[in-house]
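Please take a moment to look over the model before reading on.

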Amino acid sequence: MENLPVDPTEATEEEYWELRLYVAGQTAKSVAALANLKKYCTQYLEGRYQLEVIDLLVNPQLAEGDQILAIPTLVRKVPVPIRKIIGDLSNEERVLVGLDIRPAVDKAGR
Amino acid sequence: MQKKTTASAQLISLPKAASGISGLDEITEGGLPQGRPTLICGSAGCGKTLMGIEFLVRGVLTYNEPGVLMAFEETAEELAANVASLGFDLPALQASKMLRVDHVHIERSEIEETGEYDLEGLFIRLGYAIDSIGAKRVVLDTIEALFSGFPNQAVLRSEIRRLFRWLKDKGVTTIITAERGEGSLTRQGLEEYVSDCVILLDNRVIDQITTRRLRIVKYRGSTHGTNEYPYLISEDGISVLPVTSLRLEHEVSDQIVSTGIPALDEMFGRKGFYQGSSVLLTGTAGTAKTTLAAAFAQQVCRNNGRCLYFAFEESPQQLVRNMRSVGIQLGQYIEQGTLIIEASRPTLNGLERHLVTIHKLVGEFKPTAVVIDPISNLINVGNVNEVRSMLTRLIDFLKVNNITALFTSLISGNMQMDATEEGVSSLVDTWVSVRDLEGIGERNRGLSILKSRGMSHSNQVREFIITDEGVQLLDVVVGPKGIVTGASRLARQLQEQAQNLAAQQELARKDRELERRRRVLEATIANLRTEFESVEEEFRQLNSEEQGRHETSSQDKLRASRTFMPTDPKPTDQQPNL
């Protein structure tokens with residue numbers, strides 16, 4: 001875990017994360033998801049990500065574009081391929097796997 | 001029954017949204033429950049999606065109700081291409097803001113699940129789609145796809161429940177399709193419980209012939225037809241049979257149509273069939289059923305009617321040629337367009353498709369008479385019950401439209417009533433039977449009327465022959481053992497001729513005898529007259545002599561008185577000489 005801040009920085013210097021979080025109003029799940037996501041981003045992707053929060057109650061027409069069904073849904077637009085993570089993002093490990101952000105342990109293991 | 005309907009009419013009955021799918025609204029007694037979800041379930045290839053789309057399209061075109069199609073399996077382009085063959089132009093409807101197709105793509109591999117979630121996104125999408133065009137109808141095409149996309153069953157089930165509730169609150173009439181599960185109506189065993197109406201589609205192959213059937217499993221708050229109804233996917237979309245209601249309320253006609261054979265007309269009390277009645281013509285092989293049917297068709301056309309002839313055994317050309325040989329001219333009416341011969345093999349289609357073909361042609365051509373030759377061939381396609389139910393519907397349909405129907409039916413065996421026509425006979429109004437009258441070394445054709453509703457009819461079995469000028473019924477010849485036919489008829493006729501001749505000869509002989517007698521008598525009379533004349537002559541002579549003598553004697557007396565004596569001896573002398 002000590003290597004964590006170092007490795008992603010090294011490995012993904014050229015990489016950039018474009019993330020979209022779809023929520024529907026200020027529900028408990030949405031709020032939790034946003035809080036979790038911000039935590040992971042600052043932890044692993046500091047300075048290399050762009051986060052857009054879309055409230056479908058405000059812009060319902062946007063749901064079709066990214067094929068959103070579940071709320072909350074996190075969409076990784078960049079890097080491709082597009083990945084979607086649904087739920088309140090409470091499971092850190094699965095979020096990192098889903099976003100393809102490899103913790104340093106993995107890197108070191110290879 | 002009557003009371004009940006009036007009572008329920010006073011109460012506000014369940015509002016229904018007419019589906020516009022032919023036949024379905026009859027079975028559901030008005031349509032699907034308005035503002036509520038309906039489940040359509042069935043196995044692959046049943047037409048679930050098609051029924052959903054037709055519901056939307058008919059809603060737009062017929063009832064001016066915008067609709068939303070949320071497709072989980074196919075894209076809008078694919079769906080549009082699939083239904084284009086049915087004449088549904090989805091892109092045009094979308095362009096006119098009457099239809100919205102929203103393809104929901106769920107890719108399991110793209111989705112990672114962490115923590116709690118709900119399907120609010122789906123609700124928002126659907127809500128947005130509904131609100132953007134003011135939709136009244138919604139179709140969710142295979143909601144099951146969600147189950148493959150989202151692994152958390154508990155969440156999904158509760159969300160689907162919530163979806164149904166939400167759709168009800170929205171007040172949109174919804175169709176949800178689902179695949180059929182093992183031992184239950186749907187694979188998840190959920191949708192059928194939360195839907196207000198469940199329609200089960202079924203695709204069955206019996207004896208290598210596929211029949212699609214539809215059944216309404218449940219319908220909350222309404223009565224409905226409970227049977228399995230065959231349905232078809234035809235060029236015009238889905239049609240569920242019965243296409244007409246099965247009530248007996250049609251108008252009847254008092255007009256008479258000729259049978260095409262004058263002598264046969266005479267056998268009916270009113271000289272023909274009633275317009276709009278159904279006629280069954282049964283007979284064994286080679287009893288001229290087709291000829292009689294063709295004669296009827298010709299007569300209909302001759303009377304400026306329009307006739308639709310379904311030939312299941314012969315091609316139109318063959319039929320026209322064969323009928324020409326017996327003096328029935330069909331070709332001219334085909335050219336005039338008043339006769340259509342529609343020939344097909346019964347096995348070409350399933351029963352229902354035949355029925356739909358007939359319906360369609362009748363709708364287009366608007367005939368005054370329909371001939372189906374023969375209905376017994378349809379047995380090849382289905383079992384007796386199916387054929388009977390199809391014919392029931394067909395006869396009903398034709399009656400409602402006041403079309404005279406003539407069916408021929410081949411029966412097997414001698415006089416044995418086959419199961420087919422036993423089923424049909426109660427439905428038809430007039431039943432004419434033609435049969436072989438097999439005698440010593442020959443077969444003759446006999447025709448009789450078994451029944452004819454609403455008019456008196458002859459009870460005789462009439463022999464008929466087919467001549468170059470058509471069918472001719474022969475006069476009845478009654479022999480010592482009943483009606484005689486064929487050679488015995490000829491023998492009988494010869495015998496009668498001989499008898500007639502003998503009688504004539506006898507008469508002539510008697511005449512001659514009389515003549516002779518007369519002549520004898522006349523001769524006798526002449527004789528007697530001659531005799532009489534001679535007697536008369538004699539008498540006359542005697543008379544004159546007597547008179548002469550009398551005169552002489554009186555002169556003598558006078559002379560004697562004057563000169564008494566001188567010549568006395570002379571008179572005495574003379575006296576003995578007298």
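Axes, as the word is used here, are lines fitted to C-alpha atoms, for helices over the stretch in contact, and angles run from 0 to 180 degrees between N-to-C directions. This is a predicted model, in which local features need pLDDT of at least 70 and side-chain atom pairs count only at pLDDT 80 or more, while totals for chains, interfaces and linings use all residues. Residues are numbered from 1 along each chain as its sequence is written, and chains are lettered from A and ligands numbered from 1 in the order in which they are written.

Chain B has 18 helices and 25 strands, where helices (H or I, at least four residues) and strands (E, at least two) are DSSP runs numbered from the N terminus. Of its 578 residues, 39% count as buried, a term that applies if 20 or more other C-beta atoms lie within 10 Å of a residue's own, with exposed meaning 12 or fewer, partly exposed in between, and the C-beta atoms placed from the backbone. Among the contacts in chain B with a separation of 6 or more, 71% come from residues 24 or more positions apart; two residues are in contact if their C-beta atoms, placed from the backbone, lie within 7 Å.

One open sheet of chain B is formed by 9 strands in the order β5-β4-β7-β8-β3-β9-β10-β11-β12, with mixed pairing; two strands pair if DSSP finds at least two bridges between them. Because β5 (99-103) and β12 (237-240) of chain B stand at the edges with a single partner strand each, one side of each is left without a neighbour in the sheet. On average, and with direction ignored, neighbouring strands of this sheet are turned by 20° against each other. Within the sheet, β9 (residues 197-206) and β10 (residues 209-219) of chain B pair in the antiparallel sense over 10 bridges, and V198(B) has K218(B) in β10(B) as its bridge partner. Helix α14 (residues 351-365) of chain B packs on this sheet, where α14(B) touches β10, β11 (228-234) and β12 of chain B and makes an angle of about 65° with the direction of β11(B).

Another open sheet of chain B also consists of 9 strands, in the order β17-β16-β18-β19-β15-β20-β21-β22-β23, and here too the pairing is mixed. Its edges are β17 (339-343) and β23 (470-473) of chain B, each with a single partner strand, so one side of each lacks a neighbour in the sheet. Neighbouring strands are turned by 20° against each other on average, direction ignored. Strands β20 (residues 430-438) and β21 (residues 443-452) of chain B pair in the antiparallel sense over 9 bridges, with W431(B) facing K451(B) in β21(B) as its bridge partner. Helix α15 (residues 384-400) of chain B packs on this sheet, touching β15 (278-283), β18 (369-373) and β19 (404-410) of chain B, and the direction of α15(B) makes about 140° with that of β15(B).

In chain A, β1 (residues 17-23) and β3 (residues 73-78) pair in the antiparallel sense over 5 bridges, and L21(A) stands opposite L74(A) in β3(A). Strands β3(A) and β4(A) form a hairpin with 4 residues between them, in which R76(A) has R83(A) as its bridge partner in β4(A).

Chain A also meets chain B, with 29 residues of chain A in contact with 21 residues of chain B. On the chain A side, α3 (62-65), β4 (83-86) and α4 (92-99) each supply at least two residues. Strand β4(A) pairs with β6 (residues 111-113) of chain B in the parallel sense over 3 bridges, and I86(A) has E113(B) as its bridge partner in β6(B).
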